[in-house]
Amino acid sequence: ALGRAVFTLALCLWAIRQQKISPWGHHRRLLFLRGAFGACGVLCMYFALTLLPLAEVITIHYLNPLFTALFAALFLKEKLHWSLALALAVSLSGTLILVQPQSLFGDAPALNPLGILLAFGVSIFSAGAYTCVRHLRLSEKPIVIVFYFSLMSVPMSIPFAIADWRPISTKAWLFLGAIALVTQAAQVCLTHGLGLVQAGKATAVGYV
């Protein structure tokens, strides 16, 4: 999480400098909240993956479009149409069939309660972050919104990294850099998309 955050923070600062804009934005409280939600979501994801099978984490993670649609309806007054609710239900069913979590499709040992809580945290925090992004589209540049995600992720990751630090090989650093590039591109695309499409519909595309 820390490696990804450091690389993406550097990429954001470079992009902001290229665009010759202020990195601090206008609606700073909400920007910091978006960054905190995003950072918590990433940390929950990585910790959950150490405690639960991948299929279970993915399945719970893909509840986030449902929560996003609900949050957008509650806080942004976006309409929650029955067609979107039906589409989300069908998509989540498809995800269940594809990943086939052992807890639903086979005899599985009891799942780690902390892992389940963390996986749900990923969904809730992600939905909160996406809802913030949808509101921030009215006043902020997409790269500034992404910048706050990285800005919050670095200090929030440091204590966990220090507690479990170990030498990192050159190959691992290259992989971290690659992860940062891919996730940076994904965050920028997602931020642009949430500025153009209602939050529930935009995040539902993730089921593809």
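**Exercise 1. Find which residues ring pairs link into a cluster with Trp24, and work through the geometry.**

Step 1. Ring pairs join Trp24, Phe32, Phe147 and Tyr148 into a cluster. Here, rings of Phe, Tyr and Trp (its six-membered ring) pair if their centres lie within 6.5 Å; planes under 30 degrees apart are stacked, over 60 edge-to-face, and the rest tilted. Before going on, note that this is a predicted model: local features need pLDDT of at least 70, side-chain atom pairs count only at pLDDT 80 or more, and totals for chains, interfaces and linings use all residues. Residues are numbered from 1 along each chain as its sequence is written, and side-chain values use heavy atoms, with hydrogens and water left out.

Step 2. Searching the whole structure turns up nine aromatic pairs. One of them is Trp24 with Phe147: centres 5.8 Å apart and planes at 75°, so call it edge-to-face.

Step 3. Now place the two partners. Trp24 is in the loop between helix 1 (2–19) and helix 2 (28–49), while Phe147 belongs to helix 8 (residues 142–163), so the pair ties together parts 123 residues apart in sequence. Helices are DSSP runs (H or I, at least four residues), numbered from the N terminus.

Step 4. Phe147 also pairs with Tyr148; their centres are 5.6 Å apart and their planes at 80°, so that's edge-to-face too.

**Exercise 2. Describe the surroundings of Asn64.**

Step 1. Asn64 sits in helix 4 (residues 64–75), and its 4% relative accessibility makes it buried.

Step 2. Leaving out residues up to four places away in sequence, Asn64 touches Ser123, Ser126, Ala127, Tyr130 and Thr203. Contact means heavy atoms within 4.5 Å.

**Exercise 3. Check the span of helix 7.**

Helix 7 (residues 113–136) has 24 residues and reaches 34 Å from its first C-alpha to its last, close to the expected 34 Å (1.5 Å times one less than its number of residues).

Terms used
Helix = DSSP H or I, 4+ residues; strand = E, 2+ residues; numbered from the N terminus. Buried < 20%, exposed > 50% of the residue type's maximum accessible area, 1.4 Å probe, protein only.
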